[in-house]
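Here is a short tour of one model, written for someone who likes to know the cut-offs behind each term. Please keep the viewer open as you read.

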Amino acid sequence: MIKDYVVFDDYVDYSGPFELKELYTLIDKYFKDRHYDKNEKKHFEKNSEEGRLIELTLVPFKTVSEYIKMNMEILIEIKNIQDIIININDKKKTIQQGDIS
């Protein structure tokens, strides 16, 4: 008999500057540190006048035993992504700005 339990159901919203590559690295590291296998179910990108749109659906899983398999479902939507240039120690760096939910 298979049972599903929702253990944690939370939402995070952020609007402002971020580094897209660093966000992907952070997500991968989080799964790897907790011994989850990353499973990218959906990856969608679209360019528009307001900026880029990225939609990700991740379903990482961990097999604990032959009877127990744990998984998460993570939906990430990044809207209005635009590249911006910032100065760090007199060096120019390109990062992104947008709305993450």
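The notes below cover the sheet, its helix, the salt bridges and a surface patch.

## Ground rules

This is a predicted model, so local features need pLDDT of at least 70 and side-chain atom pairs count only at pLDDT 80 or more, while totals for chains, interfaces and linings use all residues. Residues are numbered from 1 along each chain as its sequence is written, and side-chain values use heavy atoms, with hydrogens and water left out.

## The sheet and its helix

Let's begin with the sheet: 5 strands form an open, antiparallel arrangement in the order 1-7-6-3-2. At its edges are strand 1 (14–18) and strand 2 (40–47), each of which pairs on one side only. On average, neighbouring strands are turned by 25° against each other, direction ignored. Strands here are DSSP runs of E with at least two residues, and helices are runs of H or I with at least four, numbered from the N terminus. Two strands count as paired if DSSP finds at least two bridges between them.

Strand 3 (residues 52–58) and strand 6 (residues 74–88) pair in the antiparallel sense over 6 bridges. Within this pairing, T57 stands opposite L75 in strand 6. Helix 1 (residues 20–33) packs on the sheet and touches strand 1, strand 2, strand 3, strand 6 and strand 7 (91–100), where contact means heavy atoms within 4.5 Å. The direction of helix 1 makes about 5° with that of strand 3; axes are lines fitted to C-alpha atoms, for helices over the stretch in contact, and angles run from 0 to 180 degrees between N-to-C directions.

## Salt bridges

The whole structure holds 6 salt bridges, each a side-chain nitrogen of Lys or Arg within 4 Å of a carboxyl oxygen of Asp or Glu. D28 and K38 form one, with the closest N and O atoms 2.9 Å apart. This pair links helix 1 to the loop between helix 1 and strand 2, across 10 residues. A network of salt bridges joins D28, K38 and E40.

D33 and K29 form another at 2.7 Å; both lie in helix 1, 4 residues apart, about one turn of the helix.

## A nonpolar patch

V64, Y67, I68 and M70 make a nonpolar surface patch of about 430 Å². Patch residues have over 30% relative accessible area and no salt bridge, with like charges joined within 9 Å and nonpolar side chains (Val, Leu, Ile, Met, Phe, Trp, Tyr) within 5 Å. Accessible areas come from the Shrake-Rupley method with a 1.4 Å probe, and for residues only the protein chains shown count as cover. M70 sits in strand 5 (residues 69–71).
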